[in-house]
Amino acid sequence: MNASPDITERFKRGDKGAVARAISWAENGDPRFATLIADVYSKVGHAWRIGITGPPGAGKSTLVNEIAKALRTRERTVGILAVDPSSPLSGGALLGDRIRMEERTLDKGIYIRSMASRGSHGGLSRTTVDACDAMDAFGFDEIVVETVGVGQAEYDVVSAADTVVVVLCPGAGDGVQAMKAGLLEVADVLAVNKAELPGADRLIMDLEEAVHIRLAGKSTWMTPVVACSAARGDGIEDLIAAVERHREHLKAHDLDGIRREKRLAQVHRVLDERIAEHLWSGGGFGERARALLDSGRSPYDVVAELFSALLAEHRHQKNGAK
Amino acid sequence: MTDRKIRVLVAKPGLDGHDRGAKTVASVLRDSGMEVIYTGLHQTPEMIAEVAVQEDVDVVGLSILSGAHMELFPRVREELKKRGLDHVLLTGGGIIPGEDMEKLESQGFAKLFGPGTRTDAIAEYIKTEMKRRWAHTS
Ligand SMILES: Nc1nc2c(ncn2[C@@H]2O[C@H](COP(=O)(O)OP(=O)(O)O)[C@@H](O)[C@H]2O)c(=O)[nH]1
Ligand SMILES: [Mg+2]
């Protein structure tokens, strides 16, 4: 299917409505996304991608608003993607992160998109990367992705970023809990938000110690712990400076290779989706699997049978093509 | 494989400071499977239209309790039009007297909802309307 030429043209002209439509296509699995992004792919790679994660209520959205504001004073343009969970029951979602970013609504150099996590199994990771690619190609200098720090799928999402900032705050558990939740492993920068509240110093010390134990002597990057107060606008410059140091670090340590591996992961996800769709809708595997199960075969047996059938078909097609 | 969700912007233009109604509608729409973007109080028509562009919504629902509906509905429609969003379903509700509602509907506005509306009636209306529209476009 063709990307509608109208949207591609508007996209290249810098019309936010077109990047918005591109992201909708990505979310909906609409094939027009592939056509559009292929057309503009030479532009992808310019933006720095910052992932922001952490428990609900840590102050991520407030912080994203402050970061965007600070980046704008440096005349950087910013694309923001804010992910909130879908309800597993209804499939609907209430997306409220924009409320904290209201002052940015009419800024021409800012684009904010709310996204529901929808069904997970990797789908969210694929869509998030697509949305970042779209915003990158559109021309934003910086991309900020906010997501809720719960569960593996969410880590995959932020891991797609160049720099991952994990936001914690006093009163929402101690450093050990953050470690147990696996949050420290994904962090390139740790932000202790609400630093004006009691308990912040303790949390900072715990985290610094945890980072030291994990990384000292083993890593060329020591995850910095930055104190900030998004509500007061304090510490934002320090946080941005830490992100910039991480950027310089990656540039000195094979950024291209790291980014290529992330793109490879995206190829993997899209290919998996394509193969699964081909098998289950086009390939009639559902019917064949049912028949085999009815004859009393185990799921592993069924898979072995279907897989060799698939390989045989593939071989047959290849020989036919010669 | 396309899996399209109805995206709705629930917005509160104007000066009144109550958003309980808007929040209730937002959760009802969420519970009926829609993706609802909620933006808080005191939104100007310009901000509402700008969010509608950035979020690529199918529907904008205004909650207006201030009595300024005769002014706000046309202004939001104008801002949407300016940005090429003529296709967006503009609906809403609040304290809107029956005669005003008729007047607005005669000016081409979609169905509006007055006080005492069953909230699931709004969800049903949006679903039916979007189904009809999507059947035409794709
Ligand atoms: N005391 C204090 N509260 C904050 C700070 N930053 C954010 N908050 C509040 O924390 C709550 C959750 O903020 P939000 O940005 O929505 O958190 P998110 O769920 O992580 O995105 C809100 O009530 C904010 O006003 C801060 O630096 N100090
Ligand atoms: Mg948030």
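This is a predicted model: local features need pLDDT of at least 70, side-chain atom pairs count only at pLDDT 80 or more; totals for chains, interfaces and linings use all residues.
**Stop 1: the interface**

Show chain A and chain B together. Select the residues in contact: 28 come from chain B and 31 from chain A. The size of an interface is often given as the accessible area lost when the parts come together. Here the area buried between chain B and chain A is about 2,500 Å². Carbon and sulfur atoms give 50% of that area.

Now look for polar links across the boundary. There are 16 residue pairs in polar contact between chain B and chain A, with both residues at pLDDT 80 or more. Four salt bridges also cross this interface. For one salt bridge to centre on, pick A:Arg21 and B:Asp56. Their closest N and O atoms lie 2.9 Å apart.

Next, hide chain A and colour the side of chain B that touches it. Which elements give two or more residues to this side? They are helix H1 (20-31), strand E2 (35-38) and helix H2 (45-55) of chain B. H2(B) supplies the largest share, seven residues.

**Stop 2**

Bring chain A back. Select strand E3 of chain A, residues 93-95, together with E2(B). Three bridges join these two strands, which run parallel. Zoom in on A:Leu95: its bridge partner in E2(B) is B:Ile37.

**Stop 3: a salt-bridge network**

Widen the view to the whole structure. A search over all chains finds 39 salt bridges. Start with A:Glu27 and A:Arg113, whose closest N and O atoms are 3.0 Å apart. This pair links distant parts of chain A, 86 residues apart. A:Glu27 sits in helix H2 (residues 16-28) of chain A, and A:Arg113 in strand E4 (residues 110-116) of chain A. Are the two residues buried or exposed? Both A:Glu27 and A:Arg113 are buried.

A second pair to visit in chain B is B:Asp120 with B:Arg118. The closest N and O atoms of this salt bridge are 3.2 Å apart. B:Asp120 is partly exposed, at 36% relative accessible area. B:Arg118 counts as exposed, because its relative accessibility is 52% and the cut-off for exposed is over 50%.

Salt bridges that share partners join A:Glu27, A:Arg98, A:Arg113, A:Arg118, B:Arg7, B:Glu35 and B:Glu55 into one network.

**Stop 4: a link between two helices of chain A**

Go to A:Arg288 and A:Glu313. They form a salt bridge, with the closest N and O atoms 3.6 Å apart. The residues are 25 apart in the chain. A:Arg288 belongs to helix H12 (residues 285-294) of chain A, and A:Glu313 to helix H13 (residues 299-321) of chain A. Check the surroundings of each partner. A:Arg288 is partly exposed at 31% relative accessibility. A:Glu313 is partly exposed too, at 36%.

**Stop 5: a buried histidine**

Select B:His69. This residue lies in helix H3 (residues 69-82) of chain B. B:His69 counts as buried because its relative accessible area is 3%, where buried means under 20%. What does the side chain of B:His69 meet in a polar contact? The partner is the side chain of B:Asp100, at 2.7 Å. Show the other neighbours as well. Leaving out residues up to four places away in sequence, B:His69 touches B:Ile64, B:Pro74, B:Ile95, B:Ile96, B:Pro97 and B:Asp100.

**Stop 6**

Finish with the backbone. Most residues other than glycine have a negative phi.

Select A:Glu75, where phi is near 60°. A:Glu75 is in the loop between helix H4 (60-73) and strand E2 (78-84) of chain A. At 69% relative accessibility, A:Glu75 is exposed.

Then jump to B:His42. Its phi is positive as well, about 60°, and the residue is not a glycine. B:His42 is in the loop between E2 and H2 of chain B. At 41% relative accessibility, B:His42 is partly exposed.

Note on methods:
Residues are numbered from 1 along each chain as its sequence is written. Chains are lettered from A and ligands numbered from 1 in the order in which they are written. Side-chain values use heavy atoms; hydrogens and water are left out. Helices (H or I, at least four residues) and strands (E, at least two) are DSSP runs, numbered from the N terminus. Buried means under 20% relative accessible area, exposed over 50%, partly exposed in between (1.4 Å probe, protein chains only). A polar contact is a pair of N or O atoms within 3.5 Å; within protein, one must be able to donate a hydrogen and the other to accept it, and residues adjacent in sequence count only if both atoms are side-chain atoms. Contact means heavy atoms within 4.5 Å. Buried area is the accessible area (1.4 Å probe) that two parts lose on being put together, summed over both. A salt bridge is a side-chain nitrogen of Lys or Arg within 4 Å of a carboxyl oxygen of Asp or Glu. Two strands pair if DSSP finds at least two bridges between them.
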